[in-house]
Amino acid sequence: MLLGPSLQHLSFPEVVGAFFTTGVLVMGLGMTGVVRRAMAAIPMPIVMAMVAAIFLRFGTDVVDASTSAPAIALPMVIVIVLLTAVPALGKRMPPVLGALLIGLVMVVATGQFRFEADGRVPAQPVFTAPEFTLAAQLELLVPLAMTVLVVQNGQGIAVLRQAEHDPSINSFAVASGAFSIVNASVGAVSACVTGPTNVLLTASGQKQRQYTAAVTYGVLSLVFALFAPVFTRFMLATPEAFVLALGGIAMIKALQGAFVTAFSTRFTFGALVTFVVTVSGLDLFNIHAAFWGILFSYVVSRVLEPQDHLGLD
């Protein structure tokens, strides 16, 4: 959404140049410690309201998939409910994995799996030479940095805190910046700590052992990246309803948790402002609505909910 309009009048090397400078800026901000101080000033309910607004589409996707392709989505919903409601079954078969398997079975059974082989294996990264122009930097640098630090990393940090982890915010920023530079060298978007991924990594198991899921995820990511042409064609061979239903099912508990954290205690009006502005899709200066939601709600909360901020300053 951010890059689409820019690519209509900027060349791809110019966009890659913005990726490079974004990585440097994000890494530099992380090293100064300013990111941690900024995030610490934002109350958790306001951040979680932003997460709830972004995750809301996952919930509505399940409904859309169930109406557009009930033969695929409804069995997935039934399986997730069954495996969740009966703990004995859920221990033998993780609910999301069960929904994935029954979904694949229904996709094949309904004749909607259309796979076309591609011989380009393994994937071959291609270096993209950046072009640094003032126009591209002015248009993309700040929006990309805000997207990484506030929208994406903000989600990931909030999700990890909700799972009772204590993430190092500055380290996240430094790592995101460093890997953004690596990604930019092959023409890829900036790296970040995403909310949906961390929701899945912290969904089950003992808290002190959940890091093993992250390590496994990293290894599998490299494997899938190596075979990206095949994997991409596999995903394209499945109907959209399957992907929407699976994503919604996987994220529904996280959506519930985000709403509970956002609206159950203090800062509820500020959280509401965050939610409404983020859902509205407000786009000022090409910066994501989630950033404006947090900014506006923080100001409004300071004015209308001063009692909730006592002891935080």
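Leaving aside neighbours within four places in sequence, which residues is Ile46 in contact with? Taking contact as heavy atoms within 4.5 Å, the list runs to Phe267, Gly270, Ala271, Thr274, Ile294, Ser297, Tyr298 and Ser301. This is a predicted model, where local features need pLDDT of at least 70 and side-chain atom pairs count only at pLDDT 80 or more, while totals for chains, interfaces and linings use all residues. Residues are numbered from 1 along each chain as its sequence is written, and side-chain values use heavy atoms, with hydrogens and water left out.

Ile46 itself sits in helix α4 (residues 44-68); helices here are DSSP runs of H or I, at least four residues long, numbered from the N terminus. With a relative accessible area of 0%, Ile46 is buried (buried means under 20%, exposed over 50%, and partly exposed in between, using a 1.4 Å probe and protein chains only). Its C-alpha atom is separated by 8.9 Å from that of Gly293, a residue 247 places away along the chain.

Not counting residues up to four places away in sequence, Met50 touches Val150, Val151, Gly154, Gln155, Thr274, Thr278, Ala290 and Ile294.

The structure holds 11 aromatic pairs, counted when ring centres of Phe, Tyr or Trp (its six-membered ring) lie within 6.5 Å; planes under 30 degrees apart are stacked, over 60 edge-to-face, and the rest tilted. Phe259 and Phe263 make a stacked pair, because their centres are 6.1 Å apart and their planes meet at 25 degrees. These two are 4 residues apart in helix α13 (residues 240-263), so about one helical turn separates them. Phe259 is partly exposed at 29% relative accessible area, and Phe263 is partly exposed at 30%. Phe259 also pairs with Phe275, this time tilted, with centres 5.4 Å apart and planes at 55 degrees. That pair links distant parts of the chain, since Phe275 lies in helix α14 (residues 268-280), 16 residues from Phe259. Phe275 counts as buried, at 16% relative accessibility. Elsewhere, ring pairs link Phe285, Phe291, Trp292 and Phe296 into a cluster.
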